[in-house]
Amino acid sequence: MKYRKIIILLIFMVLVCSGCYDTIKNEETPTTITIWHVYGGQTDSPLNDLIEQFNQTVGKDKGINVQVTSVSNTNTIHELVLAAANKEPGASELPDLFTSYPKTVLALQDDDILVDFKDYFSEEELADFIPTFIEEGMIDERLLILPIAKSTEIMFINKTIFDRFAQDTGVSIDDLNTWEGLFKTAEIYAEWTDGQTPDIPEDAKAMFVHDYYFNYFQVGARSLHEDFFDDDKIIFDTAFKQAWDPLAQAALKGGVWLKGGYATESIRTAGSIVSVASSASILYYSDFVTYPDNTSEEITIISRPCPIFENGEKMVMQRGAGICMVKSTPEREEAASIFLKWLTEPQQNVEFVTQGGYMPVTRTAFEDELPKAIEALDSEKYASLYQAYLDTQKNYEFYVPPQIDTYLSLETTFENNIRSQLSSGRRDYLDADQTNLEQISSERFQMLQQIMER
Amino acid sequence: MLKKLKEIRALNAFAKKQSIGMQRKLMLYWVSMILVVFSTVIFLLSIAGAFSQDDKQLHEVMKLYLKNTQDHLVDHFDNITAKSLNLSKELSREIELELSKEGVDFDEINDDPQLLLHLQEVMYPLVNTTLQTADCNGAYVILNATINTALSDAVNSRSGIHLRYSNLSSSSPVSPTVVYFRGISDIALQKNLELHNRWNLEFDISQIPLCFEMMNATLDRPAENYYWTKRINLKDTWESSMLLSVPIVSSDGTVYGVCGAEISALYFQFSYPMVEDKFGSVVTVLAPIEDNRLVLAKGLVGSVSGTYLDSQESLVIHQGRYFNEYDTGNGKYIGLHKIVPISNSELDDTVWAVAIMVPQDSYVAYIADIKQNWIIAAMILLCILLAFSFFLSRRFVRPITESLKRFQQEEMLEQAMSSGISEVDELAEFLNARARNQRLEQGDLPPNIADLFDQFIERKHLLTTAERNILRYYIEGHEIADIPDLAFISMSTVRKHNRNIYEKLGVSSRDELMLYIDLLRRCGRLNELL
């Protein structure tokens, strides 16, 4: 009997030892999860810094290592995700997490490759998120896009050059409060810059650049109480025309930047001095402009709420993509959700968003952490942005684009065509010795309509 | 202490006085023997190197990985170098051609924006082709000239073009986006290229190691004067890169500038993915060796998936028999490295090494896993041996204990069955003989005599009443002749009864009968016969 006990004890010890060894082994290898995100573009990324902080603290404790394998923009990620999901030749492997707008998820042939965040976040946890942000990520009653930071469109002004211009011409920064005023000012700016080099004709400079003219028309139409979309077609009605006229007039006179690229690029070289872009583009604005002779000038960038139409509602585009999680193994999904929970904790979330020009996504972060963070901002550029943000929050209605499968292609087509039509219009106007402005504008409008209705 | 020692001695002496069961003692001998044999086997196995096979195996695997990685890396870097040397040659020719067309010396291009723009327009397709064809993520050219010599930092500012891929998600992107990192922005507009978020018109050559020295050196052949810079952070971006610098040398030996390719930390990460091996995650590293340290902060690290390796660390190298140990201070890695001459310049004496390494923890865990299997197998074997020894000792002791039991029950007769063990039988016989002698000494009947008496007494029940009466007369001492008168029967009837009595009691004569009666009387058992 005694011996039997000893034998059982020995077997038990063996099993316990083997259990211990297994635990040791598991602790040694971290679960590595990969992420493609858009926060920072090619600059110092605030999210990368936070990820490093996560890896060194919570990640180390829980055996999780988050690796950034691409910092890009949502359109590139859209293409990469679709290529990877469709297993196209040469496509990259999908990461565990990627930044996405609903348009990317809607374009997926099979969105079953994505995790429903409700499987990893309790109702209580999700209840703290701002409901409209959660609604934006709901697709077919599944939460496929988790908000981690939200942005809106803000007007950025190179105050240094604008002040010089205002002093010479008598315009005021308040003229930029309405679209009509802004484009009128752009016309004056074009004349003013053209006049500064009398020996070089027709070298007017653009004052204004918009990241997405598609958004300008979309929000404009809605703010003028008209629909912009009819299913997946654009409605070219009164509101559209009302938005078109001041823009086209300023563009034909050379006051609007119509070349490709983001708004920040022309601001960087003083190619333009006023932009409407995502609040998150604050990261890409430099504190100086570089002129062609390599001299640079220190500038002050200030932020104001987005302009509105004189007879329109105060309405602005809500932007800011969310995060999607690709289905993998329970361990990886769990690790990714731990990281996302950490990132959306009020303190981390506010630290992250205030470095990138975003807004936090939970009520607690908004109410408890954000005011303290804004007070602590030592950059005037950021302080101005958050003041404009708070004004927008208080006075504007946020517009969320509809979930249309072809949204991205519609946006790209429209963006390319409006720029090319207005650029052609500008050439026509110069060729006609700066006459027939209204006729050229009207022709280009019809051309655009024809192209978009094809 | 002394007191305790005394106590232990006393305990030992007491234990010695205690008798131990034969089975337990036998078991103890078995266990001792098993343990000795077991330890000897383990010892011999360890001397024979059975347990250090993993180190050797790891060495072989590492050697193979290192060779493959080294071959791949050298090919990769050779390819980029060849493309960059070709770029240098073509740039040199194009610049010379343009300068002769313009009728200016190279020194005169400073402060001439139009000429610099024109030169950049000429250089752009060459740089772009290098970017598209070499396995790199960026290509550049820097001219030893600036657009504005009047600026305070003009000494470090140099005109040129730097094109980079952005939005990389693999080492061979199908349709990568080219961004314009450095250069005159007109070209970006002409070519419809996106300006990098941190675009600058000119290069700050103070950020590029040895660039200034290279531009001001007297050089002959670019192929003898190229080098890879240590990894530098691309200012105000999250990226860092190593740049290949090849001088652009004119036919008269003037250095027009430098050109080359870029490999970013991210691109290297995609190009050298982690390999999952049974020993752990195998990571590739290309880094300079300084003071017996592998300085990752100045080199490039492949994918570190499955490890905690940080690309900013310095690893102290400890040479080992089978593999080296690389200590970060926070963690240890094991692997091998080899010097690779990727640069060829008198200006640069950096010793570059390619290394492959796995986290020591995961290797230890792997070894622990193997050991665990060994331990489980050994434990199971030990358990089986113990169970076997238990079974054997019990089987061996069983006849002895059973014999002992029979002794205790006094069942051991002289004709008892054999126990199967001669020593036990001899002991039993010896004990029987001794017991017999003892009984005889005490006046006891020998057991067979007693049996005869018992059988004799038992047979009395066969006698009839008349025969029993006649037996009683004999017991009382009467002779045969007295019986007819006493029993009122004839002599012939007496004789007949006598025959029956003899027959039934198993005796052959009256003398034998009387001997029994006498003996029974002497034994005090005569009343049992009546």
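Setting aside neighbours within four places in sequence, Ala186(A) makes contact with Met207(A), Phe208(A), Ala250(A), Gly255(A) and Val256(A); contact here means that the C-beta atoms of two residues, placed from the backbone, lie within 7 Å. The model is a predicted one, in which local features need pLDDT of at least 70 and side-chain atom pairs count only at pLDDT 80 or more, while totals for chains, interfaces and linings use all residues. Residues are numbered from 1 along each chain as its sequence is written, and chains are lettered from A and ligands numbered from 1 in the order in which they are written.

Ala186(A) also turns up in the largest nonpolar core, which has 127 residues; along with Phe208(A), Val256(A), Cys324(A), Met325(A) and Phe339(A), it touches the most other members. A core of this kind is a set of buried Ala, Val, Leu, Ile, Met, Phe, Trp, Tyr and Cys residues joined through C-beta atoms within 7 Å. Buried means that 20 or more other C-beta atoms lie within 10 Å of a residue's own, with 12 or fewer making it exposed, anything in between partly exposed, and C-beta atoms placed from the backbone. The top contributor is helix H11 of chain A (residues 238-252), which puts in nine residues. Helices (H or I, at least four residues) and strands (E, at least two) are DSSP runs, numbered from the N terminus. Both domain 1 (10-147 + 321-357) and domain 2 (152-318 + 397-452) of chain A supply at least three residues each to this core. Apart from it there is another core, of 94 residues, and Phe77(B), Leu163(B), Ile205(B) and Ala355(B) are among its members.

As for the domains themselves, their bounds come from an automatic or database domain assignment. In chain A, the C-alpha centres of domain 1 and domain 2 are 36 Å apart. Eleven residues of domain 1 of chain A are in contact with eleven of domain 2 of chain A. On the domain 1 side, helix H5 of chain A (residues 102-107) gives the most, with four residues. That side of domain 1 of chain A splits into three nonpolar, six polar and two charged residues, where Ala, Val, Leu, Ile, Met, Phe, Trp, Tyr, Cys and Pro count as nonpolar, Asp, Glu, Lys and Arg as charged, and the others, Gly among them, as polar. Chain B is split into domain 1 (80-270) and domain 2 (447-528), and the C-alpha centres of these two domains of chain B sit 144 Å apart.

Next come the strands of chain A. Strand E7 of chain A (residues 151-158) is mostly covered, with eight of its eight residues buried. E7(A) runs antiparallel to strand E15 of chain A (residues 315-319), joined by two bridges; strands are taken to pair if DSSP finds at least two bridges between them. Ser151(A) has Arg319(A) as its bridge partner in E15(A). Five antiparallel bridges link E7(A) to strand E11 of chain A (residues 274-278), where Glu153(A) faces Ser278(A) across the pair. Strand E14 of chain A (residues 301-305) is likewise joined to E7(A) by five bridges in the antiparallel sense, and here Ile154(A) stands opposite Pro305(A).

Chain A also has an open sheet of five strands with mixed pairing, in the order E2-E1-E3-E16-E6. E2 and strand E6 (146-147) of chain A are the edge strands, each with a single partner, so one side of each has no neighbour in the sheet. Two antiparallel bridges hold E6(A) to strand E16 of chain A (residues 322-325), with Leu146(A) opposite Ile323(A).

In chain B, strand E3 (residues 160-166) and strand E4 (residues 177-182) pair antiparallel over five bridges, and Ser166(B) stands opposite Thr177(B). E4(B) runs parallel to strand E5 of chain B (residues 194-200), with three bridges between them, and Tyr180(B) has Leu195(B) as its bridge partner in E5(B). The chain gets from E4(B) to E5(B) through helix H5 of chain B (residues 185-190), in a right-handed β-α-β crossover: with the strands pointing away from the viewer, the path from the first strand over the helix to the second runs clockwise.

Finally, the two chains meet through contacts between 45 residues of chain A and 45 residues of chain B. On the chain A side, H1 (2-28), E1 (31-37), E2 (64-71), H4 (74-85) and H12 (263-268) are the elements giving two or more residues. H1(A) has the largest share, at eleven residues. The chain A side comprises 14 nonpolar, 24 polar and seven charged residues.
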